[in-house]
Structure formats: structure tokens, C-alpha cells
Amino acid sequence: MQQLKSLLQNPRIQKILQNSAMKYAIVGGINTILCWAIIGALMWFGAIPEVANVIGYVIGVANSYVLNKKFTFKSQNSHKEDFVRFGVAMGAAYLVNLGVLMLCYRVLGINEYVSQIIAAVFYTISGYAISKLWAFKERR
């Protein structure tokens, strides 16, 4: 624990953690690991994949909301405001993801796995932009 504290106090690490895009990426990494762990564990215990997926993503969205509100954007707005806006932001980012996926795979004929990766990049960028500029924007 002392080593982690020492690492987090490193000036280079401090500079990186001042960047909200980097924080968003860290939260995304944590969230991805959490979701996959939950989905995998539920399936290992016998849950059907669809149920495991829904539960994993619901927990993931809740986790993402809390970490992004408190850590990434340090929002002081009410949960009532931020949670609804965050849900809309993630829904919009998903629609961007789906549109890019369909464009890449169905129209441009790009391999489906590569298309998923490209779409995920657009999801991440649009999710960050909408969250920063609207969902967690300070309101008075």
C-alpha cells in the first residue's frame, strides 16, 4: 500500500492524473475488467450468457457513473441531474458506436472484429466528449 501511495505522489503520475481524458481511460479500463469479471463469474456459476451480460453491464454502468462523477470530472451536481444526463450520454455514445460498426462492417466491408474495435474507439471518444461537455458539466 505504501508503494502505491508513493507511486501516486510521483510528479509525472500527478501530471497524468490532472488530465480528464487520461482519468476517463483509467476508469474505462477498470470498468472493462469489472464487467468481464462479473460476466465471467456469473457464467461460471451457471447463468446464461444474456443474463450475465445484462447484469455485468448494469453494474458496469453504475460503476462508470460513480467513478466518472467523482474521479474523472469531480462533478458537484446532484445525482438526479448527473445520472440522467450520464445515461443519455452513454446511450448517445452507444448509437455512435452502432452507427460506426454498421458503416465499417456493412457498408465498407471491413472485418467484423476490426469494425468492433473501430466502433469501440468512437464510443470511447464520443462518451468522453459528451460526458465532459454536457453530462457532468457544472450547472448552477
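This is a predicted model: local features need pLDDT of at least 70, side-chain atom pairs count only at pLDDT 80 or more; totals for chains, interfaces and linings use all residues.
Two residues are in contact when heavy atoms of theirs lie within 4.5 Å.

**The whole chain.** Select the entire protein first. Its C-alpha atoms fill a box of roughly 45 × 40 × 35 Å along the principal axes. Among contacts with a separation of 6 or more, 59% join residues 24 or more positions apart. Of the 140 residues, 26% count as buried.

**The helices.** Next, display the chain as a cartoon. The protein has 6 helices and 0 strands, and from the N terminus on the elements run α-α-α-α-α-α.

**The core.** Now select Tyr-24, Tyr-65, Phe-73, Phe-86, Ala-89, Met-90, Tyr-128, Ala-135 and Phe-136; these 9 residues make up the largest nonpolar core. Colour helix 5 (79-107) and helix 6 (112-135), each of which supplies at least two residues of this core. Helix 5 gives the largest share, 3 residues.

**Around Tyr-24.** Which residues is Tyr-24 in contact with, leaving aside its neighbours within four places in sequence? They are Asn-68, Thr-72, Phe-73, Met-90, Thr-124, Gly-127, Tyr-128 and Ser-131. Of these, Phe-73, Met-90 and Tyr-128 are also members of the core, as is Tyr-24 itself.

Definitions and conventions
Residues are numbered from 1 along each chain as its sequence is written. Side-chain values use heavy atoms; hydrogens and water are left out. A nonpolar core is a set of buried Ala, Val, Leu, Ile, Met, Phe, Trp, Tyr and Cys residues joined through side-chain atoms within 4.5 Å. Buried means under 20% relative accessible area, exposed over 50%, partly exposed in between (1.4 Å probe, protein chains only). Helices (H or I, at least four residues) and strands (E, at least two) are DSSP runs, numbered from the N terminus.
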